[in-house]
Every structure is written in C-alpha cells, then in structure tokens.
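Here is a short tour of one protein model, written for someone who likes to check backbone angles as well as overall dimensions. Have a look at the structure first, and then we can start with a backbone detail.

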Amino acid sequence: MLSARLTVDTTAVVGPVPRRLFGSFVEHMGRAVYEGVYQPGHPTSTPEGFRQDVLDLTRELGVTVVRYPGGNFVSGYRWEDGVGDPEKRPVRLEGAWHSIETNRFGLHEFADWAERAGVEIMEAVNLGTRGVAEAADLLEYANHPRGTELSDRRRANGRDEPFDITLWCLGNEMDGPWQIGHKTADEYGRLAAETARMMRFIDHRVELVVAGSSGAAMPTFGEWERTVLSHTADLVDHISLHAYYEENGDVATFLAAGEALGRFIDQVAEIIDETVADLPGARKIGISVDEWNVWNITRFNEIDKEPLLTGGWLEHPPIIEDDYTVTDAVVVGSLLLSMLRRVDRVSMAAQAQLVNVIAPIKTTADGPAWRQTTFHPFAQAARLATGDSLAIEIGGDTIDGGTVGAVTALDAAATVDGDRMAVFLVNRALDDDLELTAALPIGWTLAAQPTVLTVPDGGTRLDISTADAEIAPRPLDTVTVEENTLTATLPALSWSVVQLKRDLR
Ligand code: AHR
C-alpha cells in the first residue's frame, strides 16, 4: 500500500475554470462525421440525418465547444464545397486521409448539429492550400448579416440569420511535415498574421487561435512559437498546443502523461511570456490545447497508415478507431487534471475527437452508440469542475514515471463553486492501492456518494467497454471526512471523484 497527502485550501485560487476546457473535435476523418454525428437512415436519426444517440451522448459528455472541420483535413478543404444544394455538392478526393469526401455534410449541417448539441463552434480556416481571401470569404459568408453576395448566398442556402461564429483557428498543425501546405514558422507566421488582420476587418468580434506546435517532441518546438508569435501576438488571442500520449510498451511513462502535458503547457506559457514581453501591442495570449488525448499513434504510423494511404479511395473508411482500456481512462483523467490545475494559462481545450475517431463515443453503422472508458473522466469533470480551480498541494509516495522521471502516485485537482467542492483523484500506481489523507478547509462534508473508475472485479487493466457491456464509475466506499480530514483508499490504477459541501452551521 502506498500513501499520499493532499492539502486543499479554498483561498488558494488558480482561476475560474473556463467552460471551454471541455471542448471536443469533429473532423471530416474516418467515421467521425459520416456514421458518427451524421447518418441519414439510421434508426435514431433525426429528419435532418443527425444520429440522436450520438447527440444524446454528446450532451451527457458535457461538451461545451467543438472544433471543426479539421485537423489535417482542413488544410486541403474548400469550404464552398460544403454549402448549397446537397445534391449538387462536388465529390472530391480528400488528400489528408485518402478518402472520398461527398461534402454531404458542411457548415450549415454542422451549425445545425452544434445548436442541437448545445455547443459553441470553433471553426478552422484552411491555411494549407488556401489563404487570406478564402478565410475572409468564409467569415463573411458565416457572419455578415445580409446585403453582400456571400451573406446573401448563405441566406439563399437556408440560413437567414448569421451563424455568428466568433472562435476561429488559423489553420492546423502547420509545423508538421505531414500537413498539406506545411510551412516554415516564418511563412506560417506571416500568413496567419495577414489572415488574422483581414478577419478582424471583416468581423471585429473574432477570437483567433494561431497554430503552435503539434507536439512537445517536434524539432521546431519553441522556435516555432517564438517566431509565430513575433508575427501575430498583436492579432491573436490563443496559441494552440497538441498533445497525444500512448502506452506503446512503456506503461510507466504513459501513466505519467499528465505530468508530461503539464510540463509542455508550462514551457509554452514561459515562451509566450518571454516572447510577448518585447512585443508592443501584444494581446493576452491563452493556451488552446485543442487536440489532446490518448492515441496509439505508433500503431497508426507503422501499421495502419500505409494501407490507408495506398489503398483504394473509400467514403469514410474507419480510421484510428482506438478501443480505450481502463488504463487509458485513468490517463485521460490525469491529462484533464493537469489542465484543470493550469486554468490561469489554459484558456480552452478540445479532446480529439468526439466520435469513432480516437473518441469517447463509438458507434456502429447499423447499431447503437456507446461510451468508451474514457467517456467517464471527461463527463464527470465537465459536470463537476465548475467555479474556481484551486492550487492544491500533492505529496506522498512517488512511483517510476519512465522517461518523465519519478512522479507522485497521487494526481489530483480540486474546484470550488460556492458551497460545493469537487476533488478529482487519480492513483496512477499500476499495482498498489493508495492510502490518502487530505487536509480540507473547515466545515466541509461529503455531498454525494464518491465514485471510482478502475479495473473491474475479475478483469484486467486492458479491459474495454463494448456496446453490450460498459465499464463505468462505481461507488467508492472507502472515503470518510472527519474534522477537516478526508481519508480514502484509492484502488490501484483508478480515477475517483469526491463531492463535498460546506456545512454552514
Ligand atoms: O486528430 C487526428 C489528427 O491528429 C488531426 O487531423 C491532426 O491535426 C493531428 O495530427
């Protein structure tokens, strides 16, 4: 048995939890759009063709904002293809994922879906094969009320009122050699700046995200951010960071992914501060972690990619439909905690992706939709991490975090919202339970049954959820709160949630 200490102080506030921390991502990739959010003819589908089962699960997940339409896809996308009479839309070869794109689903359909899902839209413009003019056209089409060719085209296409999309990504992963239209930091920085300037001319309300690094291991990481911000710091509001983690034979490093993400965020924050210090007119720049998740990316790159890219051209072939294990869910929980503890710098985040493609929601074309294991930490955090995030102190036994170094077995975060508090706890030790002692402020008691997501009885850490049998949080009966001290035994490899209330007597 390992032991852990935690101190929670409601006066030590990191900052308000941005609701946009609980974002997601729908890309025209694999079965994310087609057979994911959209499938006319499916038994649950609405008259418009949206899968109601996926809509229901999206709401249950608590997603607040959805990035669209890519991803690598956006870097070759012509947005005009996706508007107008669906029967007349062009069918095209889609280069990023070697697929046939029918364009049956486009901006209008996505906006309609987003409204039903109750999410904000985060729209990306193509800065791979396109540039300033096309981005400005899309913005005018989407947001200008009426009386111009583009805005009237939108109205003729069935949407009288503007979409009023204010959150925009300036391209995607332009630092990656795999990206259509990949650029140097200078080339991209200039293009992003000119696009941002023009977009602000068209609609001064826009909030812009410039593309940062695609991963902490990118050889250009650091210099990329410095150069891009030197061109854009007076024009953009956020810089993105993308981070994927996988087990790939090294479970110790994988379980320390939360720590790795935290360091990545801290590094980007430091670079922003150093860079904007010398730049007159620089805006306050937040960090948009707008692609994060567990993804077996080595398996994709070494096994699945080649046949996909050299095979025949198919409509929405399944791509990277990872099945998530209990271990993956614990790591997803830990990644969320890292961002929660840094809400003073992380302005938004989007888990990649929402459905079928490395996603918490999975579907079959002729069957149901269900929750993967990773659904639960996200849903619980989105529902309960409200108000302010607290600067907690974590101590106790450490475990081997592989290439990350030693990490505490306990990972945690806490939020307070008036007289409600939520404490999120991860035991990242593979085999050992964790005896927790947490110092609480005066007057807090249990508000609900604590829960835990861990290896099912008789199961293994590699168990996954299926359409017929989902692994879900269950009651955690080891938690007590007495005299401002919370104690609990956290099972090995687990994600737990404790809700507290302030007793005002
Ligand atoms: O989310 C899958 C892909 O990962 C996205 O298209 C791309 O931006 C990233 O490399």
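## Two asparagines with positive phi

Let's begin at N248, which sits in the loop between β10 (238–245) and α7 (251–255). Please keep in mind that this is a predicted model. The phi angle of N248 is near 40°, a positive value in a residue other than glycine.

N484 is also worth a visit: its phi is near 65°, again positive in a residue other than glycine. You will find N484 in the loop between β26 (480–482) and β27 (485–490). Is N484 buried, exposed or partly exposed? Buried means under 20% relative accessible area and exposed means over 50%; with a relative accessibility of 28%, N484 therefore counts as partly exposed.

## Cis peptide bonds

If you plan to look through the omega angles, stop at the bond from G70 to G71, which is cis with omega near 15°. G71 belongs to the loop between β4 (65–68) and β5 (92–94).

A cis peptide bond also joins A352 and Q353, where omega is about -5°. Here the loop in question runs between β13 (346–351) and β14 (361–363), and Q353 is part of that loop.

## Overall build

How many helices and strands does the protein have? There are 11 helices and 28 strands. The radius of gyration is 23 Å, close to the 23 Å that the globule rule gives for 505 residues, so the protein is as compact as a globular protein of that length. Along the principal axes, the C-alpha trace spans about 70 × 55 × 50 Å.

Of the 505 residues, 60% count as buried. Among contacts with a separation of 6 or more, 77% come from residues 24 or more positions apart.

Where the domains meet, 41 residues of domain 1 are in contact with 33 residues of domain 2.

## Surface and charge

The accessible surface of the protein comes to about 18800 Å², and carbon and sulfur atoms account for 51% of that area. As for charge, the protein has 43 positive and 77 negative charges, and the mean positions of these two groups lie 5 Å apart.

Technical notes
Residues numbered from 1 in each chain as written. Predicted model: local features only at pLDDT ≥ 70, side-chain atom pairs only at ≥ 80, totals over all residues. Heavy atoms only, no water. Helix = DSSP H or I, 4+ residues; strand = E, 2+ residues; numbered from the N terminus. Rg over C-alpha atoms; globule rule 2.2 N^0.38 Å. Buried < 20%, exposed > 50% of the residue type's maximum accessible area, 1.4 Å probe, protein only. Contact = heavy atoms within 4.5 Å. Areas by Shrake-Rupley, 256 points an atom, 1.4 Å probe, with all protein chains shown as cover. Lys, Arg positive; Asp, Glu negative; His and termini not counted. Charge placed at Lys NZ, Arg CZ, Asp CG, Glu CD.
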